[in-house]
There are 4 protein chains.
Amino acid sequence: MINLAIFGAGRIGCVHAVNAATNPSIRLKYIVDPVASEGRAQLAAKTGAFVADADAVFADKTIAAVVIASSTDTHAELLDRASEAGHAIFCEKPISFDFATVAEVTEKVERSGVACMLGFQRRYDPNFRKVRDRIASGAAGRLEHIVMHSRDPAPPLRSYVERSGGMFRDQAIHDFDMARYLLGEEIVKVYAVGACLIDPEIGAAGDIDTAMVTLTSKSGRFAQMVNCRRAPFGYDQRLEALCSKEVLYVRNRPRDEVVIADVNGFAAAPPMNDFIERFAHAYSEEITAFVEMIETGKKPLADIRDGLEAQRLAEAAIVSMRSGQPVEVDPSWRP
Amino acid sequence: MINLAIFGAGRIGCVHAVNAATNPSIRLKYIVDPVASEGRAQLAAKTGAFVADADAVFADKTIAAVVIASSTDTHAELLDRASEAGHAIFCEKPISFDFATVAEVTEKVERSGVACMLGFQRRYDPNFRKVRDRIASGAAGRLEHIVMHSRDPAPPLRSYVERSGGMFRDQAIHDFDMARYLLGEEIVKVYAVGACLIDPEIGAAGDIDTAMVTLTSKSGRFAQMVNCRRAPFGYDQRLEALCSKEVLYVRNRPRDEVVIADVNGFAAAPPMNDFIERFAHAYSEEITAFVEMIETGKKPLADIRDGLEAQRLAEAAIVSMRSGQPVEVDPSWRP
Amino acid sequence: MINLAIFGAGRIGCVHAVNAATNPSIRLKYIVDPVASEGRAQLAAKTGAFVADADAVFADKTIAAVVIASSTDTHAELLDRASEAGHAIFCEKPISFDFATVAEVTEKVERSGVACMLGFQRRYDPNFRKVRDRIASGAAGRLEHIVMHSRDPAPPLRSYVERSGGMFRDQAIHDFDMARYLLGEEIVKVYAVGACLIDPEIGAAGDIDTAMVTLTSKSGRFAQMVNCRRAPFGYDQRLEALCSKEVLYVRNRPRDEVVIADVNGFAAAPPMNDFIERFAHAYSEEITAFVEMIETGKKPLADIRDGLEAQRLAEAAIVSMRSGQPVEVDPSWRP
Amino acid sequence: MINLAIFGAGRIGCVHAVNAATNPSIRLKYIVDPVASEGRAQLAAKTGAFVADADAVFADKTIAAVVIASSTDTHAELLDRASEAGHAIFCEKPISFDFATVAEVTEKVERSGVACMLGFQRRYDPNFRKVRDRIASGAAGRLEHIVMHSRDPAPPLRSYVERSGGMFRDQAIHDFDMARYLLGEEIVKVYAVGACLIDPEIGAAGDIDTAMVTLTSKSGRFAQMVNCRRAPFGYDQRLEALCSKEVLYVRNRPRDEVVIADVNGFAAAPPMNDFIERFAHAYSEEITAFVEMIETGKKPLADIRDGLEAQRLAEAAIVSMRSGQPVEVDPSWRP
C-alpha cells in the first residue's frame, strides 16, 4: 500500500485525489491546500484523507509518494523537498514559469534518483496513444510530418491569463510535448507567430490568443501547430500524422451521438467541452501508471526531462515570436 | 452507328437524349413527344434530332433502337410496336399501372426476341453497384438481411400523385427491384402497412405517403423497406446490407463537402435533392450499357422481366396493405 | 440515508452495486446472491455491504429499497415480497418469461402502492433521451415513424440462449419499449418475421437470431425494428425518428476518435462493444433516478407497467412470427 | 457568339475545350497545339474546331477570345500577343516560372485593357466558394486564421518535377491564392520550411516534396499551409477557416458513399483522386464566368494581378526556405 499525499485541491487536484482514492494500491493520506475551501473539506471527507500542511507531509516517514497539483509557483519547491525526501513524484506541468528554475529543479530531481512522472496527460489518452502505438508498430510506415490543432472553447478570464505563464507555456506546451513524443527525437528549430486577435483583455494582460508554430526536428521532419484561445464550437484538440503508408488522425470526441437533420443538413453534436471530461480516462491512466512506476519501476510515458524539453520549445517560441526570427535550439539553449 | 428514336421529351427523356447524343455509337435521329413544348424544340436543336411522331419512327427502316421515356400510359403500346419492329428497347419503369398489361407485354417482348432493358437506374449507380459487386465477390460473406430507406424530399403535387400509380408502383418499386437484385432470388412473402400521415392532399387522391414493407425471400432471408413522401432534409436513398463478414452501407451523397461548426455542433450539407443530379452518373451508364447490349449482346443489369417481378411485389404490397395480411407470391401470383 | 439491498452479484448487479455505493443518499447494506462467488465477495468488500440471504433482507426493518438484478426466474417472487414489505423497487427486465406471471405481479405491485422502477436503461441514456426531449419540446415537429436497429456483436452462447426467454423477450424488448416511449401511445398491431440465419446453435436451442418487426400505433403511426444476434463490426444500437420538421438519429458511440486513412479510404473505430460500457452513464442515471423516486416521489422514466406492456408486444411478436399473421393487441390481449 | 481559340490540347486544354464547345455563347474555332497528337485530332473532331497554329489564330480577325492552356513556357508570349490583338484572355497558372517575366507581362496585359481571367479554379469550386460567400455574408463573423492542406496522391514523375517550376510555384500557388482571396488583403510576411522527405527522385531533380508555410497578412492575421507530394489515401485538398462565430471547413469529396464495416470499424471511400474529376464543376464554372466577363464585363474571381501576387508569395517562400529566415513582402518585392 502506497501512502500518498496530494498537493492542491483545485479542479485537477480533485481528479487525481478521487482516482488515487479508488486505486487499490494507494492509501491517500493527506490533502494539502493552503486555501481552506469547502472543496478541500469535501474532498477530504470523500476520500478519507487528512487535511495537512506541507511540513506535516514531509515529517511523516510513512509517505512514499506525492502528487503535485498545486499552483505552478509552488511546484519547484515541492519537487525539491519531495526528491530530497526520496518520494516518488507525479507533478503537473509546467514545472515553473522561470526556465532557469525548471532546468535547475530537473537536474536536482534527476540527481536524487527518485522516480518522477510529469502530467502530460495526452500521452495517456487512448486516442493519442493509439496513434503513437500505430506509428511505433511500423504499420503506418515512417512518420513524415505532423499537424496539431489546440483551441480552447473560449478565452479564459484575464485573471487566469495573468498567472498562466502565457499561451505557449500554458496551452501549447502539450503540443510541443506531443511533437517530441511522436517524432521520437528533439526539435532543433522553432518559428512562431502570435497575436492577440480575439480578446483584447488577453492583449491587455500582455499575452496572445492566436499562434502558429513550425517545428523542425533533428532529422529534418516538420510539425505544425495552431494554437488558439477560442473555437466557436468548443474544445478543439486534434492531430494529423502523415506517415508513408497511412495518415493517422485524432479527432474530437463528440458529446453525444445524436444527429439532427433538417433542410440545413445534418447537425452533429459539438465535442466534449471540458478537459476534465475529455481526458477523464487519461487522468485515470496516469494514476495507474504512477502506481506501476512505484511498484515495478516501469518508466512513465513522460518524465521530468520531458517537462524541461517541452518548456524549452515554449521558451524558444516566445523568443521567436518576439524577434520575428526562427530560433535554433539545442540541449544547452536557454532563453 | 445505331439510329435511335426517343419517346418523351420530359425531364428523364431529356437526360437520355443528351446522353445518347454524346455517345459516339449513337445517332439520335428522332424525338417523339405529342406536346409541342419549347423543351422539345430545344432538345431537338441541341441534339440535332428531328421531331417526329411514332408512325414516322416505325416507318423508318434505319431505326435500330428506341428509348421509351414517355408517360406510363404509352409504354405498353410502344413496347409492343418496337418489339414487332425488331428494335432494341430501353424502357423506363413502370411498364403499365395495370398488372395484366405488364404481364402480357412482357410475354410479347420476350417472345419477340428483341433485347429489352429496363430503367432501374439504381442498378447502374456506382454506390449500389459497389455493394452488389462486393457481395458478389464473396468478400462480404453471405447476405443475411437488407434495410432500405427511400424518402422523397417533399410530397409531390396532387396532380402527380393522381397519375403516379400510387407510392408502391411509383417510388417503392426501386426498392422491390433492389431487394431481388441483391438477394439474387425471388421474394415469396410481402407484408406492407401504409397510411397518409403527412400530406392530406395525397390521402384525398387515394394514395399513401408513408409505408413499411417486410419481404421474405425464397430461401428465408429478409428485407425491410421504409418508404415516405417526405424527408425534412431532402432526398433520402439509403441501403444497409448485413452480411456475415461485413455490413455494407449506401449513404446519401451530400451536395457539397463544407462543414459549418458553431456552438450547436457540426453542420454538414444535406444530400443532393434531385434524382436527376443524384443519379446523373447512373443515367449515363444506362446509355452506355444500352449500346453495349445492342453491339455485343451483353445482358443489361435489368430487363423487362425484372420490371414485371418488381411490379408483382408492388401489387402484392398494395393487396397486403388493404387486407392487413401478408401476401404469399409466386410466379403465377396476380392481384 | 436509504438502506438498500441488492439481489444479484452478476455483471449488471455489480454495476448497480457500485453506483449505489457511491451515491451519497444510499447505504448499501446487503448483497444477496445464492452463488458464493469470488465476485460476490469482492463486491461486498468493495462496497462495504454484507452478504446475506433474502430472508435476512426481508427481516431487516431498516431496509427501505431493493434492487432486483438476479436471474429472471427470481424476479416475480422478489417483486412480490418486496412490495409486501413496502420497499421501493428497482427491477431489471424482464419480469418473468411467463406473461401470466408478469401480468399478475404487475397488478400486485401496483395494488401495493410501492414505487417500482423498471430497468429500461435506454430511457436514461443521454442519446435516446436527447431524442425524446427534442420530440417532447416540439422542435422536431410531429413524430411520424421510427426505425430501430438492435444487433449484438456476436451470437451468445447456447447456454445463454436457452435461459434467455428468446430473442424477442431478451433483446427486442428494449425496442418495443422505445417504440411506446417515443410514440407516446400504445401499439395496436404487431407483425414479425424471424429465422435462424446466422448460428445453427441458436436454432438448435429453439430460438431465432434474425427478426424484423412492424408496429402500428393506436393513432396509425409506424415503427420498424431490425433485431439480430450478430453485427460484424460490434454492438449496433441505432434509432431514426422521422418527424415533420427534423429527422433525429441515435448513432453508435465509437470506441475512440482515431481515423486511419490509406489507399482503401478512411477507417473509423468500431462502436463500443459492451453494453456495460455503452450504457455506463445510463446505469448511473438510473440509480440517481431511483433515489429521486424514493426521496421526492418523482415518477421514474419506466415503471412496472412499462415492463408489462413491452413484454405484451414481445409475446405478440412471437405469436405473429409463429402464425405468419399480424397480431392485434389491446390491454386485455394475452398470448 | 464568341469566336474562341484554345492553346493546348493536353488534359486541362481538353477540359476547357469540351466545356467551351458545349457553351451556347461560344464557337470554338481553333485548337492550337504544336504536338500532332491523336488527342488533338480527337478533340478537334469532337468539338468541330480546326487545328491551327498561333499565327493563323492571330491573323483571324473574327477571333474574340483565347484560352491559354499550353505549356507554361508559352504563356508569356501568348498573353502578349493576345493582349495586343485585343482578345479576352483566360490563362492557366502560372504565368511564367520567371518572376520578372510575370511582372512584366502583367503590366502589359493590364495596360492593354483587355479582360484577362486567371485559372485559379478553386475560386470557382462550389465548396471553396461556399466558404468564401459565408465569410463575405458576415454570418461566420470575422475570419481570424486559416489552415490549408494540399497533398498530391503520389509523387509526380521526375520529368514532371523538372519542368514544374518547383512545388511552391506548381502546387502551393493555389494555397497562396486562396489565403489572399479569403483574407481579402495582401500577405506581408512569409516563412517556409521544405525538404525532400518522401521521394529521393524529387530531391535529385532539385525540388522538395514536403513544405510548411506560415503567412502573416497586412492586418496581422495568419494562414498556415501544409504542402506535400504524397498522401497515402489520395488527393487531399482541405481548408479550415476559423472565424469569430463559426469554423468553416472544406473537406475532401469522397469517390462514393459506400461504407464497409467489419471488426476493424467503418471504412469510407477515399477522396476523388484526380483534379480533373475533383474540380470538374469548377472548370465548367470558369468557362461560364469567362463568357460572362466577355459579354457583360463582369470581373472574374481571379485576374492576372492575382496570378502575379500569388506567385510573389511562392517566390518569397522559396527565398525563405533557402535562407532559413522569414521574408517580408510588399508590392515592390522581387526575388
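# Chain contacts, a parallel sheet and a helix crossing

In this predicted model, 21 residues of chain B are in contact with 21 residues of chain D, where contact means that the C-beta atoms, placed from the backbone, lie within 7 Å. Local features here need pLDDT of at least 70 and side-chain atom pairs count only at pLDDT 80 or more, while totals for chains, interfaces and linings use all residues. Residues are numbered from 1 along each chain as its sequence is written, and chains are lettered from A and ligands numbered from 1 in the order in which they are written.

**Where chain B meets chain D**

- On the side of chain B that touches chain D, α6 (126–137), β12 (247–250) and β13 (258–262) of chain B each give two or more residues; helices (H or I, at least four residues) and strands (E, at least two) are DSSP runs, numbered from the N terminus.
- That side of chain B holds ten nonpolar, two polar and nine charged residues. Here Ala, Val, Leu, Ile, Met, Phe, Trp, Tyr, Cys and Pro count as nonpolar, Asp, Glu, Lys and Arg as charged, and the others, Gly among them, as polar.
- Strand β12(B) runs antiparallel to strand β13 (residues 258–262) of chain D, and four bridges join them; strands pair if DSSP finds at least two bridges between them.
- Within this pairing, V258(D) of β13(D) is the residue that V250(B) stands opposite.

**How the two copies are related**

**Where chain A meets chain D**

- Chain A and chain D put 28 residues each into their contact.
- At least two residues of the side of chain A that touches chain D come from each of β7 (143–151), β8 (187–195), β9 (210–217) and β10 (222–228) of chain A.
- By class, that side of chain A has 16 nonpolar, eight polar and four charged residues.

**The parallel sheet of chain C**

- Six strands of chain C make an open sheet with parallel pairing, in the order β3-β2-β1-β4-β5-β6.
- At the edges stand β3 (50–52) and β6 (116–118) of chain C; each has a single partner strand, so one side of each lacks a neighbour in the sheet.
- On average, neighbouring strands of this sheet are turned by 25° against each other, direction ignored.
- Helix α2 (residues 38–47) of chain C packs on the sheet and touches β2 (26–32) and β3 of chain C, its direction making about 165° with that of β2(C). Axes are lines fitted to C-alpha atoms, for helices over the stretch in contact, and angles run from 0 to 180 degrees between N-to-C directions.
- Four bridges pair β4 (residues 65–68) with β5 (residues 88–91) of chain C in the parallel sense, and A65(C) has A88(C) as its bridge partner in β5(C).

**A helix pair in chain A**

- Helices α9 (residues 173–183) and α13 (residues 304–323) of chain A pack at about 115°, with their axes 8 Å apart.
- That makes α9(A) roughly perpendicular to α13(A), a label for angles of 65 to 115 degrees.
- Residues making the contact include I173(A) and F176(A) of α9(A), with L313(A) and A314(A) among those of α13(A).
- In this contact, five residues are nonpolar, one is polar and four are charged.

Terms used: Contact = placed C-beta atoms within 7 Å. Parallel < 35°, antiparallel > 145°, perpendicular 65-115°, else oblique.
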